[in-house]
Amino acid sequence: MSRLTQAGAVLPSRIVLWLFALLTVVPFGLLILTSFKSQADLMKGAFVLPPYPHFENYVNAWVDGHFSTYFTNSVLVVVPVVAISTVIGILTGFAFAFLSFPFKKGAFVILTIGMMVPSEAFIIPLYYEMLNLRLINTYWALILPQVAMSIPFATIFMASTMRQIPAELLEAAVIDGATRQHVLWGIIVPLLRPAASSLALFLFIWTWNEFLIPLILVNDDALRTLPIGMLFFQGKYTVNTPVLTAGAVIVILPIVVVYLAFQRKFIEGLTAGAAK
Amino acid sequence: MTTADSQTRPRTATAPKRARAGRQGNRVSVLDRPGPSNLLYILPGFLIYGAFVFLPILAAIGISLTDWNGISSPVFVGLDNFAKLFADDLFYKALGNNAQFILYYCVFPLLIGIVLAAILSSVGTRQRLALRTLFFLPYIMPTAVLGIIFQWLYNPAFGPFNQILKAVGLGKLALPWLGDFHFVLPAVGAVATWYFFGFCMVIFLTGIQRIDPSLHDAAKVDGARPWQSFASITAPLLLPEIRVVLLLTVIASIKSFDLIFTMTRGGPSNATLVPNIYMYQLGFQLNRFGYAAAVALIGAILVFAVNFVIHQTMQRLDKVSQ
């Protein structure tokens with residue numbers, strides 16, 4: 001580990017490291033600091049501490065800024081999307097890993113197409129489909145497309161982990177007379193718990209952060225999720241920066257908490273997939 | 001939703017399948033019972049996926065061949081929209097901006113990421129893990145919300161960036177960043193660089209830790225300076241990681257929408273217009289849905305093309321370096 005730790009190379013490289021660390025931290029630091037200021041404190045300078053923390057910014061954002069509604073909506077969308085996508089990922093992944101069915105290769109290609117095509121490319125027909133199904137401005141408009149968009153990744157992720165299970169283990173279970181349902185839910189799924197929770201983690205963050213789907217498919221304020229609510233809130237309250245920043249903290253706090261709790265799993269899960 | 005990192009998954013999934021089939025002599029799993037009951041496992045997934053992703057993709061191709069305002073019935077015009085597109089100055093402007101954004105989405109994060117990873121691989125484990133967690137933080141954030149935050153940070157009147165510049169005596173540089181025709185693209189691009197460099201760094205860090213340390217020790221014995229050892233050993237061995245990073249960031253730049261939409265809506269005077277923003281304006285503001293679908297499809301085709309080109313180039317490089 002001491003490849004670069006040689007005289008002369010150490011100090012400049014450490015300075016670079018800490019400079020970038022500072023660059024990463026400062027925007028978040030300013031955000032949190034500002035969310036506790038009053039409008040008057042703001043005029044004294046960006047880095048000046050307020051005399052006392054103004055928690056009322058959070059109350060204002062939560063109540064007057066409708067962030068309570070947006071937060072509830074985000075939870076009501078994220079939970080079903082993650083749960084349904086994970087279960088479907090297990091079922092479809094199981095089929096791709098172990099079962100034979102007609103057009104298996106073609107079905108796989110169709111799934112990967114959905115993974116590559118940006119959602120911007122099909123948002124127009126999706127909007128009209130939802131309009132015709134009378135689902136615009138319902139939770140279904142937010143849940144169904146996001147489940148559909150998660151299926152390719154969930155399937156491929158689950159199938160590739162299932163293939164790593166030793167075949168002998170499954171053979172032994174079948175010889176013992178276990179039914180296929182029992183092998184899947186009683187043996188495979190418990191073994192897959194780490195992979196399934198990584199999958200749920202990725203899906204949680206992507207769905208929490210999703211912007212285009214709620215932007216286009218919902219235009220009723222009562223159904224907006226946090227990122228979209230934030231956008232419209234900004235339109236109304238550009239001048240009230242402390243409340244705006246308090247709102248931003250409300251949006252990102254849950255992801256930061258989840259990220260810090262599972263950061264190892266998250267980083268290693270992402271890089272393991274990327275490095276292969 | 002299918003964020004950038006998912007692009008490489010199909011390849012990771014096909015490799016083990018082939019290996020396994022070979023090992024087992026093409027024998028299928030004991031769990032397989034060929035017949036209709038197998039379909040029960042794929043039907044729920046494919047019904048939802050088909051209805052809300054795959055059919056809309058096919059429909060987008062259909063719509064791109066029509067003239068449609070969203071209300072009256074669409075009129076088939078063949079490839080007219082694509083022909084118009086290739087004579088549309090704004091579309092070229094959007095493509096040109098996107099090419100510039102690649103510098104900020106891709107080239108800068110890659111360079112910063114590789115240098116930081118090299119430095120970070122030489123510090124103690126504790127510090128390394130802490131800094132890794134920190135550098136990766138922006139990547140998990142909603143880009144739409146980051147756009148709103150940075151719009152405030154860049155604010156010409158009371159934004160902290162200009163306050164910092166004034167405080168350190170660079171008041172002349174305190175520009176209306178997002179309102180300035182020349183500086184808006186670098187200003188938005190800088191946020192993209194800030195968002196992606198930690199992600200690139202983490203991937204390179206994993207790659208560096210994979211490299212056999214004895215190679216570096218041998219180089220040191222031969223009198224190589226750290227920089228030389230980095231350039232001649234580390235960088236070439238990081239080719240797989242470079243490929244992944246290139247693929248993910250270039251595709252992310254083609255897909256870019258959220259960040260630019262929340263920061264500038266493509267303005268001022270189209271200085272940050274990119275194809276996806278143009279698609280949004282054409283479709284959801286001007287009701288030219290056929291034309292908008294054509295713009296969106298070109299974006300999708302670009303994603304496929306980039307995928308293909310990067311895979312091909314890297315395969316050639318792999319052969320050269322072996």
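At what angle do helix 8 (residues 184-210) of chain B and helix 11 (residues 239-255) of chain B pack, and how far apart are their axes?

## A helix pair in chain B

The angle is about 160°, and the axes of helix 8 and helix 11 of chain B lie 9 Å apart. Axes here are lines fitted to C-alpha atoms, for helices over the stretch in contact, and angles run from 0 to 180 degrees between N-to-C directions. Helix 8 and helix 11 of chain B are therefore roughly antiparallel. That label applies to angles over 145 degrees; under 35 counts as roughly parallel, 65 to 115 as roughly perpendicular, and the rest as oblique.

Helix 8 of chain B makes the contact with Phe196(B), Cys200(B), Ile203(B), Phe204(B) and Gly207(B). Helix 11 of chain B brings Glu241(B), Val244(B), Val245(B) and Thr249(B). By class, this contact has six nonpolar, two polar and one charged residues. Ala, Val, Leu, Ile, Met, Phe, Trp, Tyr, Cys and Pro count as nonpolar, Asp, Glu, Lys and Arg as charged, and the others, Gly among them, as polar. Contact means that the C-beta atoms of two residues, placed from the backbone, lie within 7 Å.

## Basis of the model

This is a predicted model; local features need pLDDT of at least 70, side-chain atom pairs count only at pLDDT 80 or more, and totals for chains, interfaces and linings use all residues. Residues are numbered from 1 along each chain as its sequence is written, and chains are lettered from A and ligands numbered from 1 in the order in which they are written.

## Chain B overall

Chain B has 14 helices and two strands. Both are DSSP runs numbered from the N terminus: helices are H or I with at least four residues, strands E with at least two. The C-alpha atoms of chain B fill a box of roughly 75 × 75 × 35 Å along the principal axes.

Of the 322 residues in chain B, 47% are buried. Buried means 20 or more other C-beta atoms within 10 Å of the residue's own, exposed means 12 or fewer, and partly exposed is in between, with C-beta atoms placed from the backbone. Among contacts in chain B between residues at least 6 apart in sequence, 72% join residues at least 24 apart.

## Backbone features in chain B loops

Two features sit in the loop between helix 12 (258-263) and helix 13 (275-285) of chain B. Pro268(B) lies there, and the peptide bond from Gly267(B) to Pro268(B) is cis, with omega near -10°. Arg265(B) is in that loop too. Arg265(B) is not a glycine, yet has a positive phi of about 55°.

Asn287(B) lies in the loop between helix 13 and helix 14 (289-321) of chain B. Asn287(B) also has a positive phi of about 55° without being a glycine. Asn287(B) counts as partly exposed because it has 13 C-beta neighbours inside 10 Å.

## Chain A and the interface

Chain A is divided into domain 1 (10-56) and domain 2 (66-237), with bounds from an automatic or database domain assignment. Their C-alpha centres lie 37 Å apart. In helix 6 (residues 123-132) of chain A, seven of the ten residues are buried, so this helix is largely enclosed by the rest of the structure. Just after helix 6 of chain A, Arg134(A) takes a positive phi of about 55°.

The contact between the chains takes 94 residues from chain A and 93 residues from chain B. Helix 2 (residues 36-63) of chain B gives the largest share of chain B's side, 18 residues. That side has 62 nonpolar, 22 polar and nine charged residues.
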